[in-house]
Amino acid sequence: DAQCVQECIKSGSSYALVVGDKLYTLAVKPQTIAAFAGKRVHIEGSLKDNTITVTAISEMQHNMKM
């Protein structure tokens, strides 16, 4: 839920991407990703450990399969 995500961010949490049972922290300016909070997204970037440095983000279409 987007509102829940925004409340967590205000409390100091970082944006993250959940894929199945994996959790990735997103390294990106908060204003870049705020509009996508709580939505299914496609992320491009580089992965190091459990952190993705985001270079592009877009909302997934509802009919797209993962």
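**View 1. The β3–β4 hairpin and its turn.** β3 and β4 make a hairpin with 2 residues between them, and Asp-49 in the turn has a positive phi of about 55°. This is a predicted model, where local features need pLDDT of at least 70, side-chain atom pairs count only at pLDDT 80 or more, and totals for chains, interfaces and linings use all residues. Residues are numbered from 1 along each chain as its sequence is written, and side-chain values use heavy atoms, with hydrogens and water left out. Strands here are DSSP runs of E, at least two residues long, and helices are runs of H or I, at least four residues long, both numbered from the N terminus. Asp-49 sits in the loop between β3 and β4, and it takes that positive phi although it is not a glycine. Most residues other than glycine have a negative phi. Asp-49 is also exposed, with a relative accessible area of 67% (exposed means over 50%, buried under 20%, partly exposed in between, with a 1.4 Å probe and protein chains only).

**View 2. Strand pairing across the sheet.** The open sheet has 4 strands in the order β1-β2-β4-β3, with mixed pairing. Two strands count as paired if DSSP finds at least two bridges between them. On the edges are β1 (16–19) and β3, each pairing on one side only. From one strand to the next, the twist averages 45°; the angles run from 0 to 180 degrees between N-to-C directions, using axes fitted as lines to C-alpha atoms, for helices over the stretch in contact. β3 and β4 pair in the antiparallel sense over 8 bridges, with Val-41 opposite Glu-59 in β4. β1 and β2 are antiparallel too, over 4 bridges, and the bridge partner of Leu-17 in β2 is Tyr-24.

**View 3. The largest nonpolar core.** This core has 11 residues: Tyr-15, Leu-17, Tyr-24, Leu-26, Ile-33, Ala-37, Val-41, Ile-43, Ile-52, Val-54 and Ile-57. The elements that give two or more residues to it are β2 (22–27), β3 (41–48) and β4 (51–59), and β4 gives the most, with 3. To qualify as a nonpolar core, buried Ala, Val, Leu, Ile, Met, Phe, Trp, Tyr and Cys residues have to be joined through side-chain atoms within 4.5 Å. Zoom in on Ile-57: leaving out residues up to four places away in sequence, it touches Thr-32, Ile-33, Phe-36, Val-41, His-42 and Ile-43 (a contact means heavy atoms within 4.5 Å).

View 4. Searching the whole structure turns up 0 disulfides, a disulfide being a pair of cysteine sulfur atoms within 2.5 Å. The sulfur of Cys-8 is 4.5 Å from the closest cysteine sulfur, in Cys-4, so the pair is too far apart for a bond. Both residues are partly exposed, Cys-4 at 47% relative accessibility and Cys-8 at 36%.

**View 5. Zooming back out.** The protein has 2 helices and 4 strands, following the pattern α-β-β-α-β-β along the sequence. Its radius of gyration is 12 Å, close to the 11 Å that the globule rule gives for 66 residues, so it is as compact as a globular protein of that length. That radius is taken over C-alpha atoms, and the globule rule is 2.2 Å times the number of residues to the power 0.38. Along the principal axes, the C-alpha atoms fill a box of roughly 30 × 25 × 25 Å. Of the 66 residues, 18% count as buried.
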